[in-house]
Amino acid sequence: MATATIDLEALRLREIGERKYKFIDRKWDAMFWITAGFVVGAAANITHLLFAGDWDFWTDWKDRQWWMTITPFATIIIPSALQYIQWRAWRFPTGATYTAVCLFFCTWIGRLVQWKFFINMPINFVWSATWIPAGIITDYVLLKSRSFILTSLIGSATWTMAFWMSNYIMLLPFLQPTKFMDHTLTVADVQGISYIRAQTPEYLRVIEHGSLRTFLQETQYVSLAFGTTLCVFGYWVGQFIGRRLSVWPIFRYLKQY
Amino acid sequence: MRRWILMALVALLGAAAMTGLRTHSVSAHGETAQEGFVRMEALGWWDVKFSKSDLTQNDNMTVSGTAKILETWPSNMSDGAPKICYFTVVEPGARFVLVDRKINGMPAPQSFFCSKGGVYNFSMTLRARDPGSWHVHPALAVKESGTLIGPGQYVNISSSPSGFSFPLTLLNGKTIDIEGYGTWLVLGFSAVTLILGMWWLLYWTVPGGIKRTVCRLRVANELPLNQDGGPAVGIITKADHRHMGYITGVTVLLTGLGFLWASIHYSGNIPLQVDWVTPPTPAAPATLATAQASNAIYDPNANTVQVIATVTNTSKSPVQVSAFRTGNVSFLNPLSSLPHGDYEYQIKSLSPQDPIGPGQTQQVTITLDAQVLKNLELLPLGQAQYVVAGVLELTDGQGTRNFDTIQASLNPTST
């Protein structure tokens, strides 16, 4: 009897889902996805710039300590909010990927127009990181787990790891050693010295300077572990934005049916 | 209403036209935005020279000179004691690349340790990159204070048929051109990740009628947050799971194999380097005389500033005031040298004009054209400190130079 009730309920929902609506056609869908892209891209970019902007602007800031600790935290906030909104509204596991794609367009338009076209900085010095692999894997975690708690724990770890691995593929050529001005430096360091940023002196770089507190000298892995922990926190900041600042005010005033 | 629409259209057209502008005409760098007294008290610049003013792409040019962190360095900047500094050049974008930098003869690729009273002889070799006419200044950035700009000049770069290249030899012996090195890997990998992301998004949003967006709200609204209803409800099907598995699998493979490939292909990499140096102290300059300023009088009617200083000649030969250098501008005694360039001017009058004899103490009055100081926003009228500071340069008959930092309160004769 209980199974039959569940089946009937499922059939009722299926019928609602497949119902044809005269005034809600695919134009509404297109309008949503395209217009929201600007808002989501801007929100993700602003959050990113506020917390971790400089690390993403230059190769000689992309270090193994701070870049890996700060950036995953800064960039998971809006994907997390979008994951909640899109899952809550449509059961779409697309929030993180959608944000990552919007951020991709935002950052690359900025790099090409502002940095390349206006002041002719070489793209290989000012390229933007990518978050798309991290977004896909985090969305997959939500799809399979259907749980925001599990996604915050597993998804945040995969977000950090995927961000690190996917971007290191692009960064590694710039970490090759060379001799410049009688000093051993990386290619990225040489870029930072040679391509002059008049108002960004070298000492402003927030990068690994070394300390007595690195665990077994494994700065990279300590940073990844710490970055993952911060990322879990960032995920729930995003959930707060999604739940309390985005969705809740809508339903507060929307007539329920 | 039509007026508003017209105005909006004009504004939009103006904004669109501005996006086409490039930075060919930029010649100011914001130095006059910094308060005059701060610039006067902070740094002294002398002997700034540009080895060339006309270059072809890939040609080298050297900017050299001396900068001194004055004893009058403002107490509210870097806690009154600058410690970390960075020599750079200020130019509109990366029109040159810096290929060599020496401070007091020592190579200094990055920042250096500095101190109040420190004298730094610098030389920076720049390689011409972008054709055009560019205004270039040497500058010294001081941690927790900002960047102070020295005297500058226009440098012209003409294009080379072969364009610009920046070869660099890696420690593994391979020579690369930094200008384009790694670009295709960055663009290619980024594009592949975009394809994967678009594949994921289009799967959920576009297929005709199956994955509608807005009208799913009615179904989703009736399900608990951690349920999707399963295949019976049909908003997330087994095919969806399978398809997402494929995309995720490709993503994981791409990332994992890419990481492995890059680690092998670019083995031997090292972390970013922090290579700060302590430059050697230059040979102690000659001490011919001591100078102390007692007053600086601004006369708005005559449009002059008179700097009054007491000079004691401690050497065995007569000395003469040869220059007063303040901010990034120099006022020269025409009896010693004539001004050239945009940042050198004549002392309007010097009293007394005769050299100061050995062992003598004499009060000298150096009269400066206040208009020059006003044009460069160096006259600190209306600012927090009414003060004039700078370096008084004295020279003896053999050309030996003596540099004394002086500072005096600025007193206008009327307001």
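These questions and answers work through a predicted model.

Residues are numbered from 1 along each chain as its sequence is written, and chains are lettered from A and ligands numbered from 1 in the order in which they are written. Local features need pLDDT of at least 70, side-chain atom pairs count only at pLDDT 80 or more, and totals for chains, interfaces and linings use all residues.

User: What makes H7(A) largely enclosed?

Analyst: A residue is buried if 20 or more other C-beta atoms, placed from the backbone, lie within 10 Å of its own; 12 or fewer makes it exposed, and in between it is partly exposed. In H7(A), 20 of the 24 residues are buried, so the rest of the structure largely encloses this helix.

User: Where does helix H7 of chain A bend?

Analyst: At A:Gly155, by about 30 degrees. The bend is the angle between axes fitted to the seven residues ending there and the seven starting there.

User: How does the radius of gyration of chain B stand against that of a compact globule?

Analyst: The radius is taken over C-alpha atoms, and the globule rule is 2.2 Å times the number of residues to the power 0.38. For 415 residues a compact globule would have near 22 Å, but chain B has 31 Å.

User: Why are E1 and E6 of chain B called edge strands?

Analyst: Strands pair if DSSP finds at least two bridges between them. The open, antiparallel sheet runs E1-E3-E8-E5-E6 in chain B. Strands E1 (43-50) and E6 (106-107) of chain B each pair on one side only.

User: How many bridges join E5 and E6(B)?

Analyst: Two, in the antiparallel sense. B:Lys102 stands opposite B:Pro107 in E6(B).

How values were computed
Helix = DSSP H or I, 4+ residues; strand = E, 2+ residues; numbered from the N terminus.
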